Structure formats: C-alpha cells, structure tokens
Amino acid sequence: MNKIIAFSKRNFLEIIRDPLSYIFCLGFPLVMLVVMTLVNDTIPEEAHMELFRIQNLSGGIAVFGMTFVMLFVCLSVAKDRSGAFLVRLYATPMKSGDFIFGYILPTVVLAVIQSVITFAASLIVSLIVGVELNIAGILIAIVSLIPSMIMFISFGLLFGTLFSEKAAPGLCSIIISLGSFLGGIWFDVKGAGGVLEDICNVLPFYHSVNAARMATVMELDNEFLIDLLITVGYAIVVAIVSVIVFKYKMRADLK
C-alpha cells in the first residue's frame, strides 16, 4: 500500500506541476461554462432551447472536463514509458497493480476536485442568472460521475500504454471530440433524432452526460438509472481492457 501511495503522490505532483493541467483541466471547462451561459442568454424563450441552461450545462461541462484528465493520464503513462522510467521501476518489488493504482488513484482525486470546482462555479452562475440549483442534486451528480471518471482515466491508461508520447495525444483528442459531440454537450441529441441519436445511445458519452444532468435536477427515475448503469458497464469494460494491456506490455518490456 505504501508503494501505491508513494507512486500516486509522484504522479499527482507531476500533473499539477504542469501549467497546462490548470489551463485544460480547470480553466477551459470553466471558460466554456461562462461562454455557454452567455450564449443561453441570447436565445429567446420561445425557442424552448434548454440545453445551455445552467442546470443542464453544468453536468455536460463536468464530463467535458474529464476528457482532459484522460489526456494527462495518457501523457503521464506514455512519457514514463518513453523515458524508460517505468522499465527501471519494473526492477523494483512493485507489482503491476501498484503501477495501475498509482496512475488511477491520483487522477480520480483530480477528477473529483475538477467536478467540485465545476459545480461550485455553476452554483455561482446560477445565483447570478437567478436559477436555483439543488445542493443535494449537485452532490448526487458528483457521485454519479465517478464511473465516467474511471472510464475516461482508463482510456488514458490504455492509450498511454499502447502508443508513444507523440501518438497518444492524437488518440485522446479523438475521444475528447467524440465525448463532447456525441455526448450531447453542445447539441440536443433527442431533438436531432435519427441515426445520430442511435449512435449516441450506443456509445457511453451521452449516457454519462445525461446521468449527470438528471442527477443535478434530482430526476432520479428509470432513465437516470439506465444511463448510470450503461456508464458503469462501459467503465468496467474499458478498465479491464486497460489493465490487461498494461500487464501485457509490462511483461513484454521485462523480456
């Protein structure tokens, strides 16, 4: 356990030392929160466009921020592999599980902090625009985002393990684009309908966003549970795949 804590602390410090982590993990999502709120103010009420209202926007922005946590996990793993840092650590008594948890735990903490800050900013915005956000709903939303955090972090671990420091960010950018677009953060999935809605329902991103939105407004019905369970299912699958691949690459590097 001490080895996991020590390695986790090292990885957490490596991420927060990078100024880009503050720009992308905190700054950019908060800027988008403010910008989309301003956009919402320009939309006439008769348009019945509710997507960018703060009670719906906050959950989507929280998921959007997680995609950048994924990017930094990916960069951290790929950088350690390319610099032979991990290969040297393989000679120590540390096991594969120590490395995996050492990457996952600090980034889960980072993702939770990011979500708390995002919802805190949303609460401030709600007071400015005169919309009441339910504190209990916000807390439930943060808890409901934990499977999404694990899923995105596992994607980062997977890409960082499989690809080089130069190639891995490109793969992560695809997930960032898919997560934001097909997650329905910037457009109404149900309003679009058709094949696009079918694609969004097959992938986990829309369910992650929708679960967070419904939790924020305390709509904890069957749809919320289905969205949450689908997200949990994807998180488990991606996590298992990333662990298997990491262990395989570790054995290959030791040969």
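Helices (H or I, at least four residues) and strands (E, at least two) are taken here as DSSP runs, numbered from the N terminus. The model is a predicted one, so local features need pLDDT of at least 70 and side-chain atom pairs count only at pLDDT 80 or more, while totals for chains, interfaces and linings use all residues. Residues are numbered from 1 along each chain as its sequence is written, and side-chain values use heavy atoms, with hydrogens and water left out.

With a relative accessibility of 19%, N56 counts as buried; buried means under 20% relative accessible area, exposed means over 50%, and partly exposed is in between (1.4 Å probe, protein chains only). Setting aside residues up to four places away in sequence, N56 touches E50, L51 and R213, where contact means heavy atoms within 4.5 Å.

Next comes the nonpolar core, meaning a set of buried Ala, Val, Leu, Ile, Met, Phe, Trp, Tyr and Cys residues joined through side-chain atoms within 4.5 Å. The largest one holds 61 residues, and L145 and F152 touch the most other members. Two or more residues each come from α2 (19–42), α3 (54–82), α5, α6 (135–144), α7, α8 (168–181), α11 (205–216) and α12 (222–254). Helix α3 gives the most to this core, with 16 residues. As for F152, its contacts are V63, M66, T67, M70, I175 and F205, again not counting residues up to four places away in sequence. Another core, of 5 residues, lies apart from the one above, and its members include L182, V189, C200 and Y206.

L182 also turns up beside L196, a residue of helix α10 (residues 194–202). L196 is partly exposed, at 28% relative accessible area. Leaving aside neighbours within four places in sequence, L196 is in contact with F181, L182 and F187. L196 and L182 are 14 residues apart along the chain, and their C-alpha atoms are separated by 8.2 Å.

Finally, the helix pair. Helix α5 (residues 96–129) packs with helix α7 (residues 146–162) at an angle of about 135°, and the axes are 10 Å apart. That makes α5 oblique to α7, since angles under 35 degrees count as roughly parallel, over 145 as roughly antiparallel, 65 to 115 as roughly perpendicular and the rest as oblique. Axes are lines fitted to C-alpha atoms, for helices over the stretch in contact, and angles run from 0 to 180 degrees between N-to-C directions. On the α5 side, I100, Y103, I104, T107, V108, A111, V112 and S115 meet M149, I153 and L157 of α7.
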